[in-house]
Every structure is written in C-alpha cells, then in structure tokens.
Amino acid sequence: MEQLDLGHISLAIGFLLILIGFWGLLTQKNIIKIIVAFTILDTGINILIVSLGYIVGKTAPIVDNSVEQLENHNVVNSIVDPVPQALVLTAIVIGFGVTALMLAYAMKLFNAKKTLEINKFNDLKW
Amino acid sequence: MVTPIFIVAIALGVGFSIGVLNKLGKNFTGGLVLAAITFMTFISYQWFYAFTFGEQTPTYVYTAGFKPPFSINLLMGQYEAIITLMINSIGLLGGIYMFNSLKERGSNAQVVYLILIMALNVIVMTRDVFNLFVFLEISSIAIAGLILLEKGTRSMGAGFKYVLATSIISSILLIGIIFSYFITGTLNVDDFISLSISTYKGGAIVVFLIMIAVILELKPFPANGWGLDVYEGSDPGFSAIISGASATASLYVLYKIMAFAGVEWNYYISLIGIVTFVGSNLLGIKQENTRRMLGYSSIGQVGLLMVILGFKDILGENTPYIFFGILISHYLAKAGLFWLSGIVRAKGLKEWAVIRKKPFFLFLMGTFIFALIGFPPFPSFFAKWTLVMDLVQSGNIVWVAAILFGSIMEAVYLFRWFGYAIKEENKHLEDFKIEIHKIIPVWIVAIALYGFGYFVSQLTEVSSTINFIPFAFVILLFAIDFLPIFVKNTVAILGMAFYFYTIYPQLDNFRLIFEVIFIVGGILALIAGYAYKGKREGFYPVAILMYAGLTGIIEAKTTLEFFYGWELMTAGSYFLIIRGHRSMPHGLSYMLFSLGGAYAILAAFGIASVGQDSISMSIINNIQYIPTWAYALLIVGFLTKTASVGLHIWLPGAHGEAESDVSPMVSAILLKAGVFGVALTLIGMGAENNQYSVLAYTLGWIGAITALVGNLMAVFQEDAKRLLAYSSIGQLGYIVFGLAMMTHLGWLGGFSYVINHFLYKAILFLTIGAVVLRVGTHNMYEMGGLIKRMPLAFIAVLIGIIALSGVPPLSGFTGKWLFYNAVLDKGWYLQGAIMFFSGGIAFLYLWRLIHTVFLGQLKDNHRTVKEISIWFLIPIYTLIVGILVYSAKPQWILQPLAEIIAPFFPSNQLVWNGGTAISHYGNWAGTMVMAIIGIAFLAVLGVQLISTRKAHKVKQFDITYAGERPERPETTHVAYNVFEGLYKAMWPATIPLVETFWNKITNYLHDTAGFTRRIYSGNGQAYMLHIVFFILVTYLVIIGG
Amino acid sequence: MLKNTLIALVIAVLAYMFYNVYNTYETRTSLSGVAEYYATNAAKEVGAANIVTSIVVTYRGFDTLGEVTILFLTASIISFFLKLKEEDENKSIKHGITSELLITASQVLVPIIFLFGIYVFINGHLTPGGGFQGGAIIATGVALMIMANPNIRINNHVIHWVESISGVAFVIVGLFGIVLAGGFLDNRISGLGEFGTLFSAGAIPIIYSFIGLKVGAEISNILNKYQKSQKEL
C-alpha cells in the first residue's frame, strides 16, 4: 500500500470526477445535465493536471520573498512544477469556451423542439 | 521567404480586427477574409515551391525566441508545405464557394471560417503536443460553429452531437498529454521521439490515450456516427472543407504521432483503417441520401489512408507517392462532389437525374466518381496500383483482398448514383440554378485532377512510359463535342485510321490480329454512326475512350500499361453501354463485374511481380510465387470480359439494350479483349507445363458449359438483340474452350472463331440494329416479312447465320472442322459432345432470325419502312466480303495464324498442302467446298425457280379471319413462343441459377449493411457510448488486461 | 436494463483503464525536464516574478494566443448563432424589478470589481493571476450589472472596439517580437526592467493587459448575447 500523500489523493479525486462525468454523459437524457456532466469531467481533468505538478512540500512558483527565504535563494528546490499550472489555465479557458457553446446549442435546440431530451434530436441517422 | 508564423498572424490580425471593420459591410469583410486566405495560400505555396524545385531544407520556427522544448516551435518541412498548401487552397476555393452563405450569417461567420483554416495549418505544423491540443480544440469549436451555416434543426442536432463527441475525444487526448508531460518532463514531439516515450513506465498507456484520441478524430468505424451526421447535416460547401481540409490535417497529425508511438502501433492503425474502409463502404450501399453517402465514402477513404500510414514501414519510400496519390484524388474529388451537391440541390440519389439538364455538370460528376474509384488517368489509379504491388510483394495478400473488396463496395454505390444521374427520368425535376462563384471552384478541382494525374504518372519510371496520345485524342473529342455528328465521326475515324497506321509496324502478328479487330472493326462500326442525326452528345469521347483502352492493352509492354488500358476500356465501354435505353441496371452490373475482374487482374499482376526485377508483361510467363493462384485470378478476371458462365449476367442486358451501332462494338469487338487476356494467360502458363492442367481442364469445362447455356438461353428469347447477345455468350464459350485445350489445333480453332465471331456478330448486330432503328422494336414477333422491304438486310443476315451456324460453305465450318479435330486429338470427348450439341441448338435460334424477322407476313405498320441505312450497309457488306474471302481462302488467314501459334504450341497436328488442310482425321479444302456447295445451291435454286414459275402467289390479304380479335396479338404470330415444347423439356437448364446466386449475394450484403447501420441511431448519447466503447475495446486489445 | 448494464460495464472498464494510468504516478520530489529550466532561468530570461506567467505569456505564448482565439471564436459563433431576427431585436421585454439589495450592492461593487480585475491583469507578472483571471473578474462585474438591472442595454460598440483593438494589439506586439527580439510573441522587445516591479518583464504587462481587456470584452459579449436571446422566447 502506497503512502497516501496529497498528490495521490487529488489524482484519485480527479479520476473519480472524470468517471462521474463519463457516467453522466452516458446516462443523463437531459441536455443541461449532460452539459453539467461535461463540466464535471472537465473539472476532474483540471484537478489531474494540477495534481501532476505537485511536489511534496514546495510552494507556489512565484519568485518573491517567500521563495527567496527558502533554501538559499534556490528557486529550483523551492517551487512546485509551474508548467501544469500554465497548462491548466489553457484547459480551463478551453473548457469555458466549449461549455458556452454547448449552452448556446442547448438553448437553440430547446427553442426548436421545446424539449431537452437528447434522444429527440435524431433527425439524422443511419 | 515569408515565415509561416505569418499564416497565424495574418489570420488572427484580420480576425480580431473584424469586430471594428464590419462597419464597412459584409462584402468587404468577406473579401478581406478571402484575401487573408490567399496570402496564407501564397505562404505555403512559396514553401512548397522551395521544397519541390529548390534545395530548401526543413525549417523550424521558434516562437518567443527560445529554443524548444522550452517554447513552442513549428516545423515547415516538405510534407507540411504540401499539406498546408492543400488546406489553404481548398480553404480559398471553399471560401469562394461559400461566399454567400458565409455572408448571410455575417462577419462573425466569415471570421470563424478564417480561423478554422488557420488552426488547421497550425495543427499540421506544430511540434508541441499541448499546442496541438489547443489548436485541435480551436478547429473543433470552429467546425461546431460552421455546421450552423446550414439552418434548421437537423444541422443543430448534428452540431451538438459533434460537440459532445469531440469533447469526449479531447478529454482523452488531454489526459494523455498531461501524463506524457508528467513522465517525460517535456511536451515536444521531437523530444518524445528522441526519448522514445513508449519505453517509460506508463509510456504505453500514455501513448495509447494520445493515439486513440487522434484516431477517433479520423472517425473510425463504427465510432463515427457523429461524423456522418456532420457530413449530412452541414452546408455542402462546408462538408467539402471537413472532408478536404480537416480530415487531411487530422491524417497528418496521426502521421506525426506515429513517429513516437512505436512501430507496434502500425499494425493496429492499419487494422482500424481497413475496418473503417470496408465497413463504411459496405454501409454506404444502403444510402439514398447523397450527402450522407458521400460522408460514408469520405470516412472510408480516410480509413484507406490510415491503412497506408500503418504500412509505411513496409511500403518504404513509396509511401508518400501512394499516400499523396490517394489523398489528392480523394481531396479534390470529394470536395468537387460535395460542391456539386450544393449546386444541384438534390437530396435523394434519384433526383440527381436533374444534373443531365446541364451535360457539362454530368461530365464533372463523372470525373470525380472515376477519380474516387481509381480509374486512369487520375492520381489514385497510380497510387492504388503501387499500393497493391507493394502489399502483394510483401506478402500481405489478405490486405489487398480487403482493400479491393472495399473499393468494389464503394464503386457499387457511386456508380449506382451515377447511373441514376445518367438514366433516371428527369422531366418532372426543376432545373438547378448556377451561381458563378460556386462553379469556378468545381472547375478548378476537376482540372487539377487531370493535371495531377498526368503529373503523378510522370513521377515514376514505369508509369511515365504510358502512352497518353490516345487519351489526349479523347480529350480532343470532348472539346469538339458541340460539332455535328458528321464532323466528329470523320475526325474519329481518321484519327483511328492514322493511329492504326502508326502503330501497325510495331506489333507482332499475334497482337496485330487483335489490333485489326479492335481498330479496323472499330472504324467499320463507326461508319454506321453516319446514319445518326443531330449531335449525339457524349458518344464520340466515350467510344474513343474504349478504343484507346483496347489499343492500350495491345501495346502494353508492362503490366501497368496493360492495366491502364484495361481500365480505360472499362470506363469507355461502361459509358457506351449505359447510353442505351433501359440500360441502367445492366450498366451497373457491367461496371461491377468489370471492376471485380480488373481487381482480380490487378492482384494477379501483383503476385506475378513477386521476385521479378521488372513489371514487363513477360513476367506472367514465369510466375514464381503461388503461380496457380495467379493464373486462376488472371483467368477469372479475363472471363468477366468474355462473359463466361457465372460471370455472364451483365451481358444480355448490356448488349441487348445498347444502341444499334454500339452493340457490335461491345459484342464483336470488346469481348475479344477478354479473349486476348485469356490467350496471354494461357501462353504464360505454357503448353507443356502440367502443373496447370487442372486449370486448363476447368477452363475447358467452363467454355463448354458456357457454350451450352448461352445457346440454350438464346433459343428462348423473343428479343432479337438479346438473342444475339446470348448467342455471343455461347460463341465466346467456344473460343474459351478452344484455347483451353492448349493444343495447336485447339488454338487454331479458337482463333478461327475469334475472327469469325468478329465478322458475323458485327454483321448480325449491325443489321438487326439497323432493322430495329427502322421498325422501332426489338421483339421479333412484332416483325415479319421484312424481306420485301429490306432485301439487302435479309441477305446480310442470311450470310451471317450461315457463317455462325458452322455449315459449309462459309467460314464457320472452318472453325468447326478444326474444333472437332482438336477435340478428338485432345480426347475431351464429353466436352466435345456438349459443344456439338450446342452447335445443334444454335440452329434453333438462328432460324428464327430469318423466319420471324424477314419471312412471313409483313406487319401493317411496317408497310412503308425503307431498306436499312446505307451507312449501315457499307460496313455490313465490307464485312461480308471479309467472310466470303475467308471462307473461300481460309489458308490466307489460317496459315499465318498457325505460324503465330507455332512457337507456343508446335504444329505437328496439322499440315498444309496448298489450300488443303490435312490432319490425322482427314482433310479439307475451303475453296473446293465453297465451289461445290455454291454449284449445288445454284442448281437447286434454278430447279426451284423453274418448277414454281407457274405457281399462284398468295397475297397477304388472301386470308379470312373468323371475326375474332385475339387479346394478345403476338400469340397469333407463328413464331411466337415457338419453342414452347422444347422449353418444357429443357426448362431445368434455363433456371437462372447464376442470377439467383448473385442476387443472393447482393441481398445478403444489403441486409448486412441495413442491419449494421442501425447502430447509427441518431442519438448523440449513443454516439458517445460508441466512442467510449471503441476506446475500451481498443485498449483491451492493444494494452491488454 | 441491458443498456444500464452495458454502461456500468463501460464505466468499470474505464475505471480499470484510469487505474492503470493512476498507477504510473509516483510522488515527485524535485523538478525535472523543462520545469527545471524554467525555475532556473525564467526570472532572468523573462523577468517576471510569477514563473507561471512567464510560461503562459512568453514561453508558451503561442498557446495563449490560441486560448484567446478560442474565446474569440466562441463569442463569434454565439453571436451569429443567437442572432435575433429583426423584429425580435426591437422587441423589448420588461423584466421585473430585482431586489433593492442587489441594485444597491451592484452600484457599489461594480466599479470595485472592475478596478480589481484591472489590478489582477496588470500585476499578472508579479502576483497570482493575469489576463484571463482579470478579464473573468471584469466579466463578473458585467454579470452583476445585468443581474441587477435586466433591462440594461450594454453598448455593443464599446465591447467590439475594446475586443478588436486589444486583440489586434496582442498580435502586433507578438509581431514586434520577430522584429525586435527572438521571435513571435517574444516579450523582450523592451528592457526587462527591474525585477519584481510593476514595470518589468518586458512586454508581459502590456500583453496581459490586452489579454485582460479582450477576455473581459469577449465574456461580456457572450453574457450580453445570452441576455438578449431571451427576447426570442
């Protein structure tokens, strides 16, 4: 049994959220709920990204007094990985864009058929 | 040179500024967007030019001024230059095409389009996986937005499904990417390659996640319902962009990822590709909606390209040639078809008949379809050829079989569609409007297809030897198609005559016989064309296309040239056949059997090239790898053209329904191409080589049964042209049988039949065809007594059937005599007996041609018909002279023939003594026989004339009716259903077993397709489930438990 | 039922697959790969105290350009997707009066929120935050305004001008990088300034300000479109 540190815990939570998201995507019939499931999935992934940058006992990657006091001004040994933090920013923005688009779709789809049941939108098939 | 970063800068600069510039109007912003794309195209063209014609080396573009992996970098290499050029050019053409539909949605839509094209460029160039993810997302969002260019709930539904599907895919991709960073500490593709990421702990699964996401972007079967909906639901102009630009970029991403995924992925990529190719094309045959069908085809083609990428290590340095050959054809042709579908505005396949109202559009449609299937001269033809050769040579025959099967399925639905366009009733359909900005892109891609075809053919040594002069002549005839028949016919005849004159000295005697049949016969058949009036649009290009193919197979020095000619001939003859009335189903079955045969030949050529250092035609004389299979494939392939039993069902309809002067072309002339092929194959097998005796023996039986079935079926026909068509099947059976004996006498007999069949079948089809033109019906019971109106036609038919039936004194007997000598010599008594019996059956139907058509009572409505046209009489009587000469002096032809055959089959069985042929069983002198019979005939005729000179002539109306009016007038015709008794005795032999067999196969395929496609339920959630399921199954297969 | 079982099975296998991914994780104790380089060199090469910012704006600035593009794309798509018909556009619906509390609070808070947003993106290179965060904060101000007064008419022209100019400026500053420094989006087009102060890190504060304005404008635009699309119902 591995030691359960913060990295493992947040990673597990991330995957759990992803699974919940997938479950929601595959089972919920209401388009709004599907979109919610998607945002849960997205959040799960974002937690994954951040937790992969985690390094035990290190601080935020900003070079200020708090860092300079640590470990003889050695930034390398005092901060967590900054790259995932940069990536997650991008991922969040992309998730925002996709969600906004999905909501616009949901609104128009509802206007068209006055329903949000996803299985009613099967005009194109086979 | 302008750095490729400006592709991004210009697109975003224009894009971001449009929020302000839209005050200047939508035309301005639309023009600005097009100008930006033009500039982007120019940048990639510049690089493409430098790579192709200069010494340019691949160049990295570093952003932010730092070296990778610390910053994001782009790569502009040769492939990147080609692919971005493709994306930008189709983006430009598509932008022109969609100018109005984008404008209608406003400057925002115009900008989204511009950014989509830019994002696809970056996807191709970027070397950073996370950056790849970002720009993939940009393209996905842009596509999800542009689907909405088409208004209505359907496109909204499609768009939403697309968003859902791509967000699942990109989630998986993102998880893969972030873990790839975690295990390697970098995001750079080149680092992944140098560190070989898949060797890290967890590397395999990380690569799996990235790879499966990229594969899913390519819409693999069956996790692709969302993709199909997009193709069907969006604006056709935009579908063209998805198919041409987006799919191309995704393929290149796959290629990029493969560089670090490890070789074990190659196999799986090919596997997924082939399943997609075969699966999509199989389901495509059930489609009635054009755009969805094109979607199936697009997805299938991408599958084929995945197969090629998966085999890149095996295909080696040929990979780019094959890949781009197929990609370019698909990219141009599919864009063209989608654009056409937007112009024609026909949803159902049958509504496409409207395209005929503007014949030039039919030409464009044909160009695109033939390019997709891989006909010459399009790039896909050369690529497919090389692909099959390389795959066979590396021992992947099963893959070749699967690819060819998928191609046939694709041909099924594309040609059925094309058939509808050519033949379906279109009077009730409203003509479509043309907008100039929509046509120009279609023209450009069509021209580009021909241009690239020529360019690709010049790339390799073997394909550059192909003689394009005949094809150029076809193009010329297209160009002058607006002129009257008289001019075009003269040009065609002169052209063929001149070509024959130039080619004649290069041919050996064996090939010369066939060339004479093809070209001289062709000229004679064309002469009859003067009888037609008007313009006969489209006839001459396709007729000459067939002749170009025929002369191509004769001249072929390499297997590639042979196959090139074979495909041209198939295309040309397909168009000729489908011109006839009610010919649509027959045209389709002809095309499918021909393609099946062509693919068998292609596979056989591949097998034959194993272990050889060239692809010269002579390799089929010495096949080293599984030779029996190779020869069997060749024979099956050629037998589709000789319409041997089992593969004959296309012929009666195709020949029977063809135009009057086309029937002789496709019967007397075209069938000989199959004979030529069979002859080449048998020569290749060699006479003394016993290991193929089973093959020859089987072929003999096929010939015998074909002769029986063909003749028997001919007996029960009421339609004069179908009667002749079935008769052709039987006669070709004789030829195949003769050749299969693999003896000197057998071949001499066979060749004698080849010449004979050409002569009399041309006479009979021309004459009957000309009669049909005059009386307006094919049914024999509706004719009668025509001898009085058309004595010259009567004489021609009489001579034709005497020659056919094989009684002295005409040349048919020559063949029969040689035949029975050969049979006795070979010892094939049972088969020989069947042949003899079929010869007897032939009398039963031949008699009807004279008796029913020309003798008896003249019909009321034919009382004023004229003699058949002089333009038919000229070739007919020329051929009759040929028959008479050949009958009187058979040695003039048979002796040189014997010399031709002698090298392959030594001539110890037959000795010539002047004009007398001497075999073990007796001798025969044609001239003498003809003289004796002629004297006897004249004597009997004289006696008859003298003895009946006082007889009372019964006039037609010396008849009393009993006051009854028959309900079915034809039943009162003496010749109607005359063989009812025979039919009662023989009916088991006439059960259309073969048709039933092929129908069962067709139905089975349709049922499978109909059942399978129900997984595309239209429910977005089900599509997500498919995707997840696909991921998991692939995961369990590849990574395992 | 069958479908539910199938989905349960799918989720189970998915969980199994993720479990295998999870197993590749080992707790890290030190930086490696490119992160190590950034930690060592970002401060002196880029001059931003916030290493994440130096990555977002400079090292991976091209990604950031993509992000901005995504927001822009979404806003554009929503603009033409939710575009109202002429008669709907001129229709005015009267929303009920919102709570007094909300109205008053918004009058107090909105300027402060805007100010805070600007502060966040201007100081992006020094403190946590940056253009996206600042822009998002500004947009919450707009959201608050809309909620407090649903009948408000937000001036489209202002949003478009802000959005266009800041977007184009971002690209142009990026192009300056090619001319004046090492490449597209290089921030070293001017002196790096004194480390840790507001005017440092070259073009980063400028770029982040443009990004902040653009993001704020885009999101406000989207909010505005959503708000207006109610007229269609």
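Because the model is predicted, local features need pLDDT of at least 70 and side-chain atom pairs count only at pLDDT 80 or more, while totals for chains, interfaces and linings use all residues. Residues are numbered from 1 along each chain as its sequence is written, and chains are lettered from A and ligands numbered from 1 in the order in which they are written.

**Where chain C meets chain B**

- Chain C brings 49 residues into contact with 48 residues of chain B, two residues being in contact if their C-beta atoms, placed from the backbone, lie within 7 Å.
- On the side of chain C that touches chain B, at least two residues each come from α1 (2-23), α2 (33-45), α3 (51-59), α4 (61-81) and α8 (156-180) of chain C; helices (H or I, at least four residues) and strands (E, at least two) are DSSP runs, numbered from the N terminus.
- The most is given by α4(C), with 16 residues.
- By class, this side of chain C has 24 nonpolar, 18 polar and seven charged residues, where Ala, Val, Leu, Ile, Met, Phe, Trp, Tyr, Cys and Pro count as nonpolar, Asp, Glu, Lys and Arg as charged, and the others, Gly among them, as polar.

**Where chain A meets chain B**

- In chain A, 32 residues are in contact with 35 residues of chain B.
- The elements of chain A that give two or more residues to the side touching chain B are α1 (6-27), α2 (31-52) and α4 (82-113), and α4(A) gives the most, with 15 residues.
- The residues on this side of chain A divide into 24 nonpolar, four polar and four charged.

**Domains of chain B**

- The domain assignment of chain B, with bounds from an automatic or database domain assignment, gives domain 1 (1-127), domain 2 (128-259 + 992-1041) and domain 3 (467-940).
- Between domain 1 of chain B and domain 3 of chain B, the C-alpha centres lie 58 Å apart.

**Two helix pairs in chain B**

- Helix α25 (residues 559-578) of chain B and helix α29 (residues 662-669) of chain B have axes that come within 9 Å and cross at roughly 140 degrees; axes are lines fitted to C-alpha atoms, for helices over the stretch in contact, and angles run from 0 to 180 degrees between N-to-C directions.
- α25(B) and α29(B) are therefore oblique to each other, since angles under 35 degrees count as roughly parallel, over 145 as roughly antiparallel, 65 to 115 as roughly perpendicular and the rest as oblique.
- Their contact is made by S573(B), L576(B) and I577(B) of α25(B) together with V662(B), M665(B) and V666(B) of α29(B), and by class it has five nonpolar, one polar and no charged residues.
- The axes of helix α30 (residues 671-685) of chain B and helix α32 (residues 720-740) of chain B come within 10 Å and cross at roughly 15 degrees, and α30(B) and α32(B) are therefore roughly parallel to each other.
- The residues of the contact of α30(B) with α32(B) divide into nine nonpolar, one polar and no charged.

**Two glycines**

- G922(B) lies in strand β5 (residues 922-925) of chain B and is exposed, with 9 other C-beta atoms within 10 Å; a residue is buried if 20 or more other C-beta atoms lie within 10 Å of its own, exposed if 12 or fewer, and partly exposed in between, with C-beta atoms placed from the backbone.
- G182(C), in the loop between α8 and α9 (204-229) of chain C, is partly exposed, with 18 other C-beta atoms within 10 Å.
- Leaving aside residues up to four places away in sequence, G182(C) touches G65(B) and F66(B).
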